[in-house]
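The entries follow in the order in which I made them.

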Amino acid sequence: MFTVLDTTFTAEEEKEFIADFPERGVFTVALSEENTVIGFQKIGPFAQYTKAFDHVGIIGTFVCESARGEGVSKQLFESTFEVAKQKGDEKLFAYVRSDNERALAAYVRQGCEVVGTAKNMQRFVANTSMKF
């Protein structure tokens, strides 16, 4: 398993997540031809306690195992970046499990660079950074 999502969310929890989603946030969904969700990407604010970081976001990406290697993340990035720029994001951070080489490579292909690795965690997490 290469996702940080380790619990299943109830429909009610998903509704709460959507209702509480930040106004500056971006949420993009990829659908299959059968109209089922095969991936999503979200950007949330880096910090909500100050306006000093309003140009910085935290990005997360998920693609279903059955859809990996099909270009889903590339399409998500294109769509999400377009909206993020319109909302004023200039820089994004992503936190990716260090053993998730496929995700790290996807972010690097989009212009991210690994800027650090969190130490003393159960699973090391690479921090990637990208400027538009």
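Predicted model: local features only at pLDDT ≥ 70, side-chain atom pairs only at ≥ 80, totals over all residues.

**Entry: salt bridges**

I looked up how many salt bridges there are, and the count comes to four. I turned to arginine 24, which forms a salt bridge with aspartate 54, with the closest N and O atoms 3.7 Å apart. Arginine 24 lies in the loop between α1 and β1 (26–31), while aspartate 54 lies in the loop between β2 (37–45) and β3 (56–63), so this pair ties together parts that are 30 residues apart in sequence. I then checked the cover of both partners: aspartate 54 has a relative accessible area of 26% and is therefore partly exposed, and arginine 24, at 24%, is partly exposed as well.

Next I looked at lysine 74 and glutamate 78, whose side chains meet in a salt bridge at 3.8 Å, N to O. Both sit in helix α2 (residues 72–86), and because they are four residues apart there, about one helical turn separates them. I noted a relative accessibility of 49% for lysine 74, which counts as partly exposed, and a relative accessible area of 47% for glutamate 78, which is partly exposed too.

The pair of arginine 97 and aspartate 99 came next, and here I found a salt bridge whose closest N and O atoms are 2.7 Å apart. Arginine 97 is buried, with a relative accessible area of 9%, whereas aspartate 99 is partly exposed at 37% relative accessibility.

**Entry: a charged patch**

Which residues gather in a patch of negative charge on the surface? I found Glu12, Glu13, Glu14, Glu16 and Asp20 there. Of these I followed up glutamate 12, which lies in helix α1 (residues 11–19) and counts as partly exposed at 47% relative accessibility.

**Entry: cysteines**

How many disulfides does the structure hold? I recorded zero.

Terms used. Residues numbered from 1 in each chain as written. Heavy atoms only, no water. Patch = residues over 30% accessible without salt bridge, like charges linked within 9 Å, V, L, I, M, F, W, Y side chains within 5 Å. Areas by Shrake-Rupley, 256 points an atom, 1.4 Å probe, with all protein chains shown as cover. Lys, Arg positive; Asp, Glu negative; His and termini not counted. Charge placed at Lys NZ, Arg CZ, Asp CG, Glu CD. Helix = DSSP H or I, 4+ residues; strand = E, 2+ residues; numbered from the N terminus. Buried < 20%, exposed > 50% of the residue type's maximum accessible area, 1.4 Å probe, protein only. Disulfide = S-S within 2.5 Å.
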